[in-house]
Every structure is written in structure tokens, then in C-alpha cells.
Amino acid sequence: MDNYKTYDLQSCPQATFESWLAKAQDTDKTPEAMTLSTLGPNGEINARMVLYKGREGEKWAVYTNLKSQKAIDLLSNPIAALTLWWPGLGRQVRINGATEQMEREIAKEYFHTRDKNSQVASYISQQSSPINSREELEEKFFKAQKEFENSEVPFPEKNWGGFWFTPEKYEFFIYRDFRLNDRFLYSRPDEDNGGPWEIQRLQP
Ligand SMILES: Cc1cc2nc3c(=O)[nH]c(=O)nc-3n(C[C@H](O)[C@H](O)[C@H](O)COP(=O)(O)O)c2cc1C
């Protein structure tokens with residue numbers, strides 16, 4: 001039988017993920033960056049980087065503009081895949097799961113903890129919509145920066161928020177010599193009845 005402990009593999013995949021993420025803090029820049037792949041309303045696949053912003057219980061938090069392509073996708077198809085790659089560690093994590101829009105109050109609370117200039121940038125950006133020039137974008141930014149110099153940046157009620165991502169399947173991958181990589185798949189066949197996570201080794 002495999003010695004899963006070799007790579008801090010724990011019976012709970014979230015615990016494994018957090019132990020790997022903690023390790024990656026020492027080896028990689030921005031280890032919380034992950035590729036979020038979504039399914040668009042017309043069946044197209046879209047992928048882009050987002051940041052892992054912690055979790056509430058099993059649900060992972062991701063923040064974004066609610067008019068962006070990713071939000072359009074997640075609102076029409078509430079499923080996603082996340083991929084993290086830590087070159088310094090030589091490890092990859094892939095996760096599939098279900099998504100839902102985050103409660104407005106939680107998103108709002110998080111918004112106001114952000115750096116003020118990031119709040120201003122989110123306030124003025126119609127993310128994923130075209131704009132004529134960099135100058136136009138900066139003009140909007142500096143105008144709002146001045147406007148809210150001595151006051152709170154209003155929470156962009158209509159176009160900013162968060163999504164929860166609930167992992168349903170994880171794969172933990174370790175780069176090895178000769179491409180004889182180690183891969184461990186966590187799945188939960190009896191999830192509906194609160195069944196345990198099962199771990200399988202996959203061929204490279
Ligand atoms: C490392 C990294 C982290 C990012 N994190 C986020 C994020 O947490 N939320 C976000 O909306 N965009 C983030 N972005 C920008 C997105 O990759 C993307 O350009 C933007 O969200 C628009 O994507 P969309 O048009 O597919 O919605 C990040 C980009 C990089 C390179």
C-alpha cells in the first residue's frame with residue numbers, strides 16, 4: 001500500500017491542500033494564484049487566474065466583478081475547475097466543484113478590508129468591457145481616488161461581489177524524475193450520505 005504520508009497527504013483533501021499551500025509560501029511567489037476555468041452560456045470554455053481568498057467551512061472564496069465574463073459564466077453554469085501550479089515545489093493541484101454567488105453582506109465586508117486603491121480600481125472598472133485608452137481608465141481612477149480621498153469608497157452594489165466554490169474532487173500531483181510523477185485523486189463516491197473521501201493513486 002502507498003505511503004500517502006510522504007507528501008503530507010491527509011485523509012481530508014482540504015487539510016492536504018492547506019499544508020501544500022503553506023509549503024508553497026516558502027518556495028513560490030503568489031502561491032494563492034489559481035486558474036479558474038468556467039463554462040460559458042454558449043458552451044465555450046474560459047480560463048483565467050484568480051486568487052484564493054480563504055474559506056468558510058468547505059467553501060472557497062473568490063472575489064470579482066459581477067459583470068465580468070467569469071461571473072456571466074458562473075451565473076449560467078455554476079460549476080468550475082481550479083488549477084494551481086507551484087514551480088518551486090514542483091506540485092500541481094486540480095479541483096472540480098460547484099459554485100454559488102456569495103451573500104452580498106459578506107462580499108461587502110471583504111470589499112472594505114481591501115487596500116483603498118484596490119477598492120477605487122474595482123469601483124471604476126467595468127471589468128471585461130472594452131475601453132478606448134489607458135488615459136481614459138486612469139482619468140476615471142484618479143477622479144474617483146480624489147472623490148473618496150476623505151471618505152469610504154462606496155461598495156459597488158451592482159457590479160462587485162464574490163463566489164463560493166465547493167470542492168467535489170481534488171487531484172494532487174508531484175513532479176518526479178523521468179516524468180514518473182505521483183498523482184493522488186480524492187473523490188467522495190458516497191458524498192450524499194456524508195461518506196468519506198477516498199484516495200486513489202493515478203498513473204502519471
Ligand atoms: C495572479 C492573478 C490573480 C488575479 N486574481 C483575480 C481575482 O481574484 N479576481 C478577479 O476578478 N480577477 C483576477 N485577476 C484578473 C483575471 O485573471 C482576469 O483578467 C479578469 O478577472 C477578467 O477575467 P474574465 O473576463 O474572464 O472575467 C488576476 C490575474 C492574475 C494574473
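Q: Which residues of helix α2 are buried?
A: In α2, which spans residues 69–76, they are Lys-70, Ala-71, Asp-73 and Leu-74. Buried means that 20 or more other C-beta atoms lie within 10 Å of the residue's own, exposed means 12 or fewer, and partly exposed is in between, with C-beta atoms placed from the backbone. Helices (H or I, at least four residues) and strands (E, at least two) are DSSP runs, numbered from the N terminus.

Q: Why are they on the same side of α2?
A: Because they cover an arc of only 160 degrees around the axis. That arc is taken from the directions from the helix axis to the C-beta atoms.

Q: And what do the buried residues of α2 pack against?
A: Strands β1 (33–39), β2 (45–51), β4 (59–65), β5 (79–86), β6 (91–101) and β7 (160–174). A contact here is two C-beta atoms, placed from the backbone, within 7 Å.

Q: Before we go on, what sort of model is this?
A: A predicted one, where local features need pLDDT of at least 70 and side-chain atom pairs count only at pLDDT 80 or more, while totals for chains, interfaces and linings use all residues. Residues are numbered from 1 along each chain as its sequence is written.

Q: OK, overall layout: how many helices and strands does the chain have?
A: There are 5 helices and 9 strands. Along the sequence the pattern runs α-β-β-β-β-α-β-β-α-α-α-β-β-β. The C-alpha atoms fill a box of roughly 65 × 35 × 30 Å along the principal axes.

Q: What share of the chain is buried?
A: Buried residues are 21% of the 204 in the chain. As for contacts between residues at least 6 apart in sequence, 61% of them join residues at least 24 apart.

Q: Which residues have the most contacts inside the largest nonpolar core?
A: Leu-82, Val-93, Phe-165 and Tyr-170, in a core of 27 residues. The elements giving two or more residues to this core are α1 (13–27), β1, β4, α2, β5, β6, α3 (104–111) and β7. The largest share, 7 residues, comes from β7. A nonpolar core is a set of buried Ala, Val, Leu, Ile, Met, Phe, Trp, Tyr and Cys residues joined through C-beta atoms within 7 Å.

Q: What does Leu-82 touch?
A: Leaving out residues up to four places away in sequence, Leu-82 touches Met-34, Thr-35, Leu-36, Ile-95 and Phe-165.

Q: Switching to the ligand: which residues are closest?
A: Thr-64, Ser-68, Gln-69, Lys-70 and Ser-128 are the closest of the 16 residues around the ligand. To be near, a residue needs its C-beta atom, placed from the backbone, within 6 Å.

Q: Where does the largest share of that shell come from?
A: From β2, with 5 residues. The elements that give two or more residues are β2, β4 and α2.

Q: How does the shell split by class?
A: It has 6 nonpolar, 8 polar and 2 charged residues. Ala, Val, Leu, Ile, Met, Phe, Trp, Tyr, Cys and Pro count as nonpolar, Asp, Glu, Lys and Arg as charged, and the others, Gly among them, as polar.

Q: What about α4, which residues are buried there?
A: In α4 (residues 116–124), Gln-119, Val-120 and Tyr-123 are buried. They fall within an arc of 100 degrees seen down the axis of α4, so they line one face of the helix. Asn-117 and Ser-118 are exposed on the other side of α4. The cover over the buried residues includes α3 and α5 (134–147).

Q: Now the loop between β7 and β8 (182–187): what's the phi of Phe-178 there?
A: Phi of Phe-178 is near 60 degrees, a positive value in a residue other than glycine. Most residues other than glycine have a negative phi. Arg-179, in the loop between β7 and β8, also has a positive phi, about 60 degrees.

Q: Are those two buried or exposed?
A: Phe-178 counts as exposed, with 6 C-beta neighbours inside 10 Å, and Arg-179 counts as exposed with 7.

Q: And how do β8 and β9 pair?
A: They pair in the antiparallel sense over 5 bridges, where pairing takes at least two DSSP bridges between the strands. Phe-184 has Arg-201 in β9 as its bridge partner.
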